[in-house]
Amino acid sequence: MSHFILISVGSNIDKTANTNAGLNGIAEAFDNVQLSPVYESESVGFKGDTFFNLVVSAQTDASVKRVCETLKKIEDENGRIRGTQKFALRTLDLDLLIFDERVIHKPIVLPRDEILYNAFVLRPLADLVPSHVHPVVKKTYQTLWQQYDKQKQNLWVADYEWSNTRK
């Protein structure tokens, strides 16, 4: 059975190369990959270089657990350092946001809370799947973005184009 997934992608260390590598890994692991525009944003929760952020939709036959394992493997293959700090520099940050329209509590909580709180997640979602409905708050991502306080976080369209080396 094919599942619809949404994945957030972020990087602020060698962000063009690491974003490319992350997207290539996602394209290799999953089917029908579509990208939102890429945004650049200031770091949140710490001082650091700006981030590239986007959201990717894809199809998979894998379970939630397997999707998370795959994303972690792609991060690790691209130099992700795991530590105790939630907010820190990242070579690559891949987070499963949505798995179908399910509300899940194990092995991770879905939909991810940051959808509602971070412009760098919500804006790309609103671009990529504007009419999809958040499974908990029951509003479209476009409506959620329209209602979002845009003064909270600055973001702008990034000068980035994916060079898919695994076509």
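Glu 77 and Lys 73 are both exposed, a class that requires over 50% relative accessible area, whereas buried residues fall under 20% and partly exposed ones lie in between (1.4 Å probe, protein chains only). The model is a predicted one, in which local features need pLDDT of at least 70 and side-chain atom pairs count only at pLDDT 80 or more, while totals for chains, interfaces and linings use all residues. Residues are numbered from 1 along each chain as its sequence is written, and side-chain values use heavy atoms, with hydrogens and water left out.

The side chains of Glu 77 and Lys 73 form a salt bridge with an N to O distance of 3.1 Å, the term denoting a side-chain nitrogen of Lys or Arg within 4 Å of a carboxyl oxygen of Asp or Glu. Both residues belong to helix H2, four residues apart, about one turn of the helix; helices (H or I, at least four residues) and strands (E, at least two) are DSSP runs, numbered from the N terminus. The structure holds eight salt bridges.

Helix H2 spans residues 64-77 and also contains Lys 65 and Glu 69, which are four residues apart and are joined by a salt bridge of 3.3 Å, N to O. Glu 69 forms a further salt bridge with Arg 66, the closest N and O atoms being 3.2 Å apart, and these two residues are three positions apart in helix H2.
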